Amino acid sequence: MTLRIARRWATRKSTIGQLYVDGLYQSDCLEDRLRRDPDPSTAVNEGKVYGETAIPAGRYQVVIAKMQRQVWLPEKREWSPWSPRPDGQLPQLLDIPGFMGIFVHAANSPVEILGCIATGTRDLATPDRLTGSRVALTALVTRIEEGLRAGEVWIDIENFCEIPEDEGA
């Protein structure tokens, strides 16, 4: 199975894209802001700012794993790695240069992401937010589990938007 994120809209706070599963639109997604890597040829991503920048475009393997850190759930006013699975596991992206512990989880705003990816519906009234994150995540996890039962799952992440000028190198 192949997932694909087409990053479409970038602001100084976030990046919003469209997520596809085997070529079919699944949901929108929210990531931290894009930032240019001053030396993309190196193994370490020097453009990375912990909890503030999106992972580099590329191809990554996806597995289901237990999240080791907590995420903020403002509606409950608590830190919790919400997962649609009873074991609390979530989709994780592997072998990202300069990043580790990157998951797909429920979130509605950039402050809840910390480098990860959230799924949901783009909120046209608020450029840096998603709605329906938990519903979208539940549907995606079901699809990923199906893909893993059949073999491997990979995600291709592509940039189709410009990095805001004042956030460059």
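User: What pattern does the chain follow when read along the sequence?

Analyst: The pattern is β-β-β-β-β-β-β-β-β-β-α-β, made up of one helix and 11 strands, where helices (H or I, at least four residues) and strands (E, at least two) are DSSP runs numbered from the N terminus. This is a predicted model, in which local features need pLDDT of at least 70 and side-chain atom pairs count only at pLDDT 80 or more, while totals for chains, interfaces and linings use all residues. Residues are numbered from 1 along each chain as its sequence is written, and side-chain values use heavy atoms, with hydrogens and water left out.

User: How should I read burial, and what percentage of the 169 residues count as buried?

Analyst: A residue is buried under 20% relative accessible area, exposed over 50% and partly exposed in between (1.4 Å probe, protein chains only). Of the 169 residues of this chain, 47% count as buried.

User: Which residues have the most contacts inside the largest nonpolar core?

Analyst: In soluble globular proteins, nonpolar side chains tend to be buried together. A nonpolar core is a set of buried Ala, Val, Leu, Ile, Met, Phe, Trp, Tyr and Cys residues joined through side-chain atoms within 4.5 Å. Here the largest such core has 34 residues, and those with the most contacts inside it are Leu3, Ile55, Leu93, Ile117, Ile155 and Ile157. With contact meaning heavy atoms within 4.5 Å, and leaving aside neighbours within four places in sequence, Ile155 touches residues including Leu3, Leu19, Tyr60, Val62 and Leu93.

User: Where is the place of Ala54, and is Ala54 buried or exposed?

Analyst: Ala54 belongs to the loop between strand S3 (24–32) and strand S4 (58–66), and at 9% relative accessibility Ala54 counts as buried. Beyond its neighbours within four places in sequence, Ala54 is in contact with Arg7, Glu31, Asp32, Arg33, Leu34 and Phe99. Ala54 and Arg35 are 19 residues apart in sequence, and their C-alpha atoms are 7.4 Å apart in space.

User: How many aromatic pairs does the count come to?

Analyst: Rings of Phe, Tyr and Trp (its six-membered ring) pair if their centres lie within 6.5 Å, and planes under 30 degrees apart count as stacked, over 60 as edge-to-face and the rest as tilted. The count comes to one aromatic pair: Tyr20 and Tyr25 are edge-to-face, at 6.0 Å centre to centre with 75° between the planes. Tyr20 is buried at 15% relative accessible area, whereas Tyr25 is partly exposed at 46%.
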